[in-house]
Amino acid sequence: LDVVGAPSPCWGGDRVAWPSLQVTLIPTFDSLVMHEWYQETHERQQELGITVLGSNSTVAMQDETFPACK
């Protein structure tokens, strides 16, 4: 999970200035490890523009809503 907070050259290299890239992470299930990681890295997530949603989130696209994880 820690690699999520590390910028990668394959995400645009010099063409994309980190943190101008926005990342949304939706875990497929809840776990103690995920909750601990979220708590430990929340400040860094905010600095980097990373949004972590709950696995029970709803996604809205093109006038349709559905569970993020089916």
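**Questions on a predicted model**

Mentor: In this predicted model, glutamate 47 and arginine 44 are three residues apart in helix H1 (residues 32–48), so that about one helical turn separates them.

Trainee: How far apart are the closest N and O atoms of glutamate 47 and arginine 44 in their salt bridge?

Mentor: Both partners are partly exposed, glutamate 47 with a relative accessible area of 45% and arginine 44 at 41% relative accessibility. The structure holds one salt bridge, and the cut-off for a salt bridge is a nitrogen-to-oxygen distance within 4 Å. Glutamate 47 and arginine 44 meet it, as their closest N and O atoms are separated by 3.2 Å.

Trainee: In what order do the elements of the protein chain run from the N terminus on?

Mentor: The secondary structure of the protein chain amounts to one helix and four strands. Read from the N terminus on, these elements follow the order β-α-β-β-β.

Trainee: Which element gives the most residues to the largest nonpolar core?

Mentor: That core is made of six residues, namely Val4, Met34, Trp37, Leu48, Ile50 and Val52. Two or more of its residues come from each of the elements H1 and E2. With three residues, the element that gives the most to this core is H1.

Trainee: Is serine 55 buried or exposed?

Mentor: Serine 55 is found in the loop between strand E2 (50–52) and strand E3 (58–61). Leaving aside neighbours within four places in sequence, serine 55 is in contact with Ile26, Pro27, Thr28, Phe29, Asp30 and Cys69. The cut-off for burial is a relative accessible area under 20%, and serine 55, at 15%, therefore counts as buried.

Trainee: Which residue of E4 is the bridge partner of threonine 58?

Mentor: E3 and strand E4 (residues 64–67) pair in the antiparallel sense, with four bridges between them. Their hairpin has two residues between the strands, and in this hairpin glutamine 62 takes a positive phi near 45°. Within E4, the bridge partner of threonine 58 is proline 67.

Trainee: What percentage of the accessible surface of the protein chain belongs to carbon and sulfur atoms?

Mentor: Of the 70 residues of the protein chain, 19% count as buried. Among contacts between residues at least 6 apart in sequence, 59% join residues at least 24 apart. The accessible surface of the protein chain comes to about 5500 Å², and the part belonging to carbon and sulfur atoms is 54%.

Methods: Residues are numbered from 1 along each chain as its sequence is written. This is a predicted model: local features need pLDDT of at least 70, side-chain atom pairs count only at pLDDT 80 or more; totals for chains, interfaces and linings use all residues. Side-chain values use heavy atoms; hydrogens and water are left out. A salt bridge is a side-chain nitrogen of Lys or Arg within 4 Å of a carboxyl oxygen of Asp or Glu. Buried means under 20% relative accessible area, exposed over 50%, partly exposed in between (1.4 Å probe, protein chains only). Contact means heavy atoms within 4.5 Å. A nonpolar core is a set of buried Ala, Val, Leu, Ile, Met, Phe, Trp, Tyr and Cys residues joined through side-chain atoms within 4.5 Å. Two strands pair if DSSP finds at least two bridges between them. Accessible areas come from the Shrake-Rupley method with a 1.4 Å probe; for residues, only the protein chains shown count as cover.
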